[in-house]
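Could you walk me through this structure?

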Amino acid sequence: MDSLRSKENLNQFERIFGKTNSHPRLFVAPARINIIGEHVDYLGGIVLPAAINFSVQVLLRPNHSSIYQFHSITYNETIKIEKPFQPHPASPWTDYITGVIVEIEAMGFPVPGFDLLVDGNIPQGSGLSSSAALEVVTGFAISESFGLGIKKETIAVIGQKAENNFVGTKCGIMDQFIIAVGKENDCISLNTETLSYSYHHFDLNDHEFYLINSNVKHNLKDSAYNQRRLECESALGKIQKMFPKFKQLYDVNLSEEELLACGLTPEELKRTHHVTSERERTKQVIFGLEKNQFLEVGNALFATHESLSKNFEVSCDETDFIVSTIKGLGAIGARMIGGGFGGCVLVLDKKDHFAKINEEMKKSYQQKFNLALDFYKFQISDGVKEISI
């Protein structure tokens with residue numbers, strides 16, 4: 001978001017919470033994409049995410065009381081929170097902030113009262129992780145404002161715990177982690193079991209990644225997200241009874257006969273197929289990007305979408321249509337990203353093909369679903385940081 005909007009938010013902050021001798025500080029956290037490694041970040045898998053230049057920003061100022069006051073520009077409401085903390089049924093956006101306070105205090109850091117204003121330009125329900133960005137920017141802002149010195153990697157874990165424990169979505173660590181440690185023009189490969197990670201710089205030459213928003217809204221908490229996680233955990237438990245060497249579903253390397261002998265349900269078998277096949281596609285994408293073998297990368301993206309749709313069953317008619325139509329138009333690769341059931345499709349294609357795709361897709365999608373499509377170009381950006389105002 002631009003500096004003018006940040007200054008407007010500062011003025012709004014002071015109108016709502018008043019002026020004092022101390023000024024609020026401004027912190028910003030990006031959205032994220034994940035190129036490959038979908039629905040494996042809570043199963044010990046390898047993922048390849050990048051931070052992108054949509055963002056959530058917060059202005060925070062200690063208020064020297066035991067009261068927490070949050071204002072959302074998006075929802076145009078101010079909420080006052082006091083202990084004991086409880087989820088807020090009327091304004092669930094506050095739970096992502098409150099949950100972070102709870103987790104920081106669980107680490108032994110008292111968090112005094114503060115005033116906070118939040119604004120953002122990440123499309124809601126698009127699968128670009130606006131909730132994780134809010135968790136990470138809140139954790140970082142609290143740590144910096146109160147001198148807690150919490151490392152960014154730890155702030156990512158705090159954000160995940162807030163979402164798991166307070167919000168109630170059993171998400172993995174990927175979103176919060178890349179939003180915390182992202183670096184301009186780099187992706188990271190993250191081992192979600194060990195949290196070891198490395199930066200990868202890719203030169204796309206005359207190719208580009210971009211996003212198509214299906215404008216089908218989803219809410220992970222109310223979707224089948226938690227159900228998929230339970231199915232994966234159940235599958236692993238059955239496999240471990242016969243093959244105790246496997247600590248994570250992502251590591252399973254068994255024949256079809258061996259899997260069937262474990263007594264998996266049809267659903268558990270399909271979930272396992274997605275997770276284990278995604279392991280090979282991730283290797284293919286990392287190798288392909290490093291060697292500029294973009295057709296290989298694109299084939300892996302299409303294969304991942306097929307698996308997410310048929311094996312993991314987290315796609316929907318709209319995103320399936322986008323991927324199949326764009327494939328027919330000659331795009332190099334595409335797949336749904338995020339939790340699923342709507343949101344965005346990630347596309348890899350040649351830069352000079354964009355205008356044709358844009359025009360054809362908008363027309364055919366409108367005719368099929370009576371919905372508009374939004375196309376997002378983006379840059380890979382830094383992770384959470386403080387901005388001077």
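Here is a short tour of some helices and the contacts between them. Please keep in mind that this is a predicted model.

Let us begin with helix 3, which covers residues 130–145. From its first C-alpha to its last, this helix of 16 residues reaches 22 Å, close to the 22 Å expected at 1.5 Å a residue. Helix 3 is mostly covered, with 14 of its 16 residues buried. Just after helix 3 comes Gly147, which takes a positive phi of about 65 degrees.

Now for pairs of helices. Two packed helices are described by the angle between their axes and by the distance between those axes. With that in mind, look at helix 2 (residues 95–106) and helix 4 (residues 152–167). Helix 2 and helix 4 pack at an angle of about 110 degrees, and their axes are 8 Å apart. Angles from 65 to 115 degrees count as roughly perpendicular, so helix 2 and helix 4 are roughly perpendicular to each other. Their crossing is right-handed. On the helix 2 side, the contact is made by Asp95, Tyr96, Thr98, Gly99, Val100, Val102, Glu103 and Ile104. Helix 4 brings Ile158, Lys161, Ala162, Glu163, Asn165, Phe166 and Val167 to this contact. Sorted by class, the contact of helix 2 with helix 4 has eight nonpolar, three polar and four charged residues.

Leaving aside residues up to four places away in sequence, Thr98 touches Phe70, Ile81, Phe85 and Phe166.

Helix 4 has another partner, helix 5 (residues 174–181). How do these two helices lie? They pack at an angle of about 150 degrees, with axes 8 Å apart. An angle over 145 degrees counts as roughly antiparallel, and helix 4 and helix 5 are therefore roughly antiparallel to each other. Helix 4 passes helix 5 in a right-handed crossing. From helix 4, the residues making the contact are Lys152, Glu153, Ala156, Gly159, Gln160 and Glu163, and they meet Gln176, Phe177, Ala180 and Val181 of helix 5. By class, this contact has four nonpolar, three polar and three charged residues.

Note on methods
Residues are numbered from 1 along each chain as its sequence is written. This is a predicted model: local features need pLDDT of at least 70, side-chain atom pairs count only at pLDDT 80 or more; totals for chains, interfaces and linings use all residues. Side-chain values use heavy atoms; hydrogens and water are left out. Axes are lines fitted to C-alpha atoms, for helices over the stretch in contact, and angles run from 0 to 180 degrees between N-to-C directions. Helices (H or I, at least four residues) and strands (E, at least two) are DSSP runs, numbered from the N terminus. Angles under 35 degrees count as roughly parallel, over 145 as roughly antiparallel, 65 to 115 as roughly perpendicular and the rest as oblique. A crossing is left-handed if the near helix is turned anticlockwise from the far one by less than a right angle, and right-handed if clockwise. Contact means heavy atoms within 4.5 Å. Ala, Val, Leu, Ile, Met, Phe, Trp, Tyr, Cys and Pro count as nonpolar, Asp, Glu, Lys and Arg as charged, and the others, Gly among them, as polar. The expected span of a helix is 1.5 Å times one less than its number of residues. Buried means under 20% relative accessible area, exposed over 50%, partly exposed in between (1.4 Å probe, protein chains only).
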